[in-house]
Protein chains: 2
Amino acid sequence: MSTPEDASKIYRQYLSAVMLHGHAGAKACHLGATDLYALNILELSGAMTPGELGTRTGLTTGPTTRLIDRLEAAGYVRRAPSPDDRRKVIIEPIDRPGRLDEVLAPARRAIGAIIGDYSPEEREVLFDYFVRATRAYQDSTENLNEPP
Amino acid sequence: MSTPEDASKIYRQYLSAVMLHGHAGAKACHLGATDLYALNILELSGAMTPGELGTRTGLTTGPTTRLIDRLEAAGYVRRAPSPDDRRKVIIEPIDRPGRLDEVLAPARRAIGAIIGDYSPEEREVLFDYFVRATRAYQDSTENLNEPP
DNA sequence: AGATTTATCTTCCTTTAGGAAGAGATTAGA
DNA sequence: TCTAATCTCTTCCTAAAGGAAGATAAATCT
């Protein structure tokens, strides 16, 4: 990992591995692509209304309702009434969604072990990177979603 | 990032941000979920036959052929004849697929800038992690795909 | 209060992706 | 050599997801 091309390749393969694992996990739970997408949005941004979720996923209202139906039936989210506006509904992700959590657990354990191998100072570096990369990816994603 | 729960949450959000960005990029290129999945497989494992790609994606032969048709039409892969077996075809990813690369470029630049901010020693830690995490995710993905 | 806007949901229709079965070509094996 | 197995592709059918339009209920504004 000396030349920039090596670094780029390593990073691209790392991203591919992350994506493939996510897809494989979703498939193992019989979750469609959009369902996984929505769950990631909820993981990242917390509870929100169907309207907002529809906007973020790029779906119209009809499919959004059924997306939420699927997630609710599978036990990943819950519909709660909004306290301040009775037209609204709040989609709350459920803390530890059994099936998906179970499927992703082995990878989490493996990554936990890897991270645990580093010194506290090195872990600081890693988590600093995680936080900053999260923001960078969020910003880039917003820019991708705006244009259309 | 002091308690383990914080660390776990940071990491989960990081993963979600990565996944969301991948999905958004694919959507911006009008790529379906399976298409993105297949491209990630090719990125990670290099050229392979339709049969192997079908196995890896979990598709039967019919849909696999059309998956490759879509990717080829969009300019992401190329069909090459196999030199040793004339029944076989080799699906080669195209080095720099224009559209997708262009869409992902802003994020790559942002991440490159973040990584460039660290000291060489810190970068060593990051890339060591990337390499090890890649293997861990690959292994976990294989285990997820085997059972069924 | 009445009209307008907002938010979710329902229904119907279209599109697309995936499975099943089989054809054509090539290789491997008896 | 002739049969069986392998690999890709084609065709037809089914199923699932998304768009469009409208219904219902509640909030907002005059």
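This is a predicted model: local features need pLDDT of at least 70, side-chain atom pairs count only at pLDDT 80 or more; totals for chains, interfaces and linings use all residues.
Local features need pLDDT of at least 70, side-chain atom pairs count only at pLDDT 80 or more, totals for chains, interfaces and linings use all residues, and side-chain values use heavy atoms, with hydrogens and water left out.

Let's start with chain A. It has six helices and two strands, where helices (H or I, at least four residues) and strands (E, at least two) are DSSP runs numbered from the N terminus. Follow the sequence and you'll read α-α-α-α-β-β-α-α. The C-alpha trace of chain A spans about 55 × 35 × 30 Å along its principal axes.

Now for the interface. Here 57 residues of chain B are in contact with 57 residues of chain A, contact meaning heavy atoms within 4.5 Å. The area buried between the two chains is about 6000 Å², with carbon and sulfur atoms giving 72% of it; buried area is the accessible area (1.4 Å probe) that two parts lose on being put together, summed over both.

Charges turn up here as well: the rule finds four salt bridges across the interface of chain B and chain A, each a side-chain nitrogen of Lys or Arg within 4 Å of a carboxyl oxygen of Asp or Glu. One of them pairs Arg12(A) with Glu43(B), with the closest N and O atoms 2.9 Å apart. On the chain B side, α1 (4-28), α2 (33-45), α5 (98-116) and α6 (120-145) each supply at least two residues of the side that touches chain A. The most comes from α1(B), with 19 residues. By class, that side of chain B has 35 nonpolar, twelve polar and ten charged residues. Nonpolar here covers Ala, Val, Leu, Ile, Met, Phe, Trp, Tyr, Cys and Pro, charged covers Asp, Glu, Lys and Arg, and the others, Gly among them, are polar.

Axes are lines fitted to C-alpha atoms, for helices over the stretch in contact, and angles run from 0 to 180 degrees between N-to-C directions. Thr34(A), Asp35(A), Ala38(A) and Leu39(A) of α2(A) meet Leu67(A), Arg70(A) and Leu71(A) of α4(A).

In chain B, the axes of α2(B) and α4(B) (residues 61-73) also come within 10 Å and cross at roughly 80°.

How values were computed:
Residues are numbered from 1 along each chain as its sequence is written. Chains are lettered from A and ligands numbered from 1 in the order in which they are written.
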